[in-house]
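Work through these exercises with the sequence and the model side by side. Try each task before you read its solution.

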Amino acid sequence: MKIWKDIFTGDEMFSDSYRMKLVDSVMYEVYGKHVSRTLGDIQLDGANPSAEETDEGTDNATESGVDVVLNHRLVETGFANKKQFTTYLKDYMKKLVTRLEEKNPSEVEVFKTNINNVMKDLLGRFKDLQFFTGESMDCDGLIAMLEYRDIDGESVPVLLCFKHGLEEEKF
């Protein structure tokens, strides 16, 4: 199994248990699905749920959302406007380029060449995006974007993360 973590915060962003695609060598698209699940509903192998005591006086708490977001404990954040988002992107890109120059100089040109088209596209869709930080809620790290796309007649949540802002860990 592989997990992709934010290079600045160490937060888990997603794993290879989801369908994903690399776009323009700079952006991962991770395809999730909307789920609802009961909190604390754990089934042990060999357990007989009908033989367990039931407490009819309590309501089961449920959570629903995008599986990638829930499973990796991403936290929704936001930007007041497109200008604030643009400022974040510019600062983040400078920080990424500095890191690439130190750690992986061969990727700097690939990143600089392809990121402009991706950024223009993102800015054009700003109003359709949701934003998520990792579990630490550190906004100095990667802020992932989520949008819904119509794929085969179904609304599919797609998490967008900058490739160069992630490191891959194998488990």
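**Exercise 1: The largest pocket**

Task: Find which residues lie nearest the centre of the largest pocket.

Solution. The largest pocket has a lining of 13 residues, and Leu100, Asn104, Lys163, His164 and Leu166 lie nearest its centre. A pocket is an open set of points on a 1 Å grid over the protein atoms alone, where a 1.4 Å probe fits, with protein on both sides within 12 Å along at least five of seven lines; lining residues have an atom within 4 Å of a point.
Next, the volume: about 230 Å³, taken as the space filled by probe spheres set on the points.
Then the elements: H2 and strand S11 (166-170) each supply at least two lining residues. Helices (H or I, at least four residues) and strands (E, at least two) are DSSP runs, numbered from the N terminus.
Last, the classes: 5 nonpolar, 2 polar and 6 charged residues. Ala, Val, Leu, Ile, Met, Phe, Trp, Tyr, Cys and Pro count as nonpolar, Asp, Glu, Lys and Arg as charged, and the others, Gly among them, as polar.

A note on the source: this is a predicted model, where local features need pLDDT of at least 70, side-chain atom pairs count only at pLDDT 80 or more, and totals for chains, interfaces and linings use all residues. Residues are numbered from 1 along each chain as its sequence is written, and side-chain values use heavy atoms, without hydrogens and water.

**Exercise 2: The sheet with S11**

Task: Give the strand order of the sheet that holds S11, and name its edges.

Solution. The order is S2-S1-S11, an open sheet of 3 strands with antiparallel pairing. Two strands pair if DSSP finds at least two bridges between them.
Now zoom in. Strand S1 (residues 2-6) and S11 run antiparallel, joined by 5 bridges. Lys5 has Glu167 in S11 as its bridge partner.
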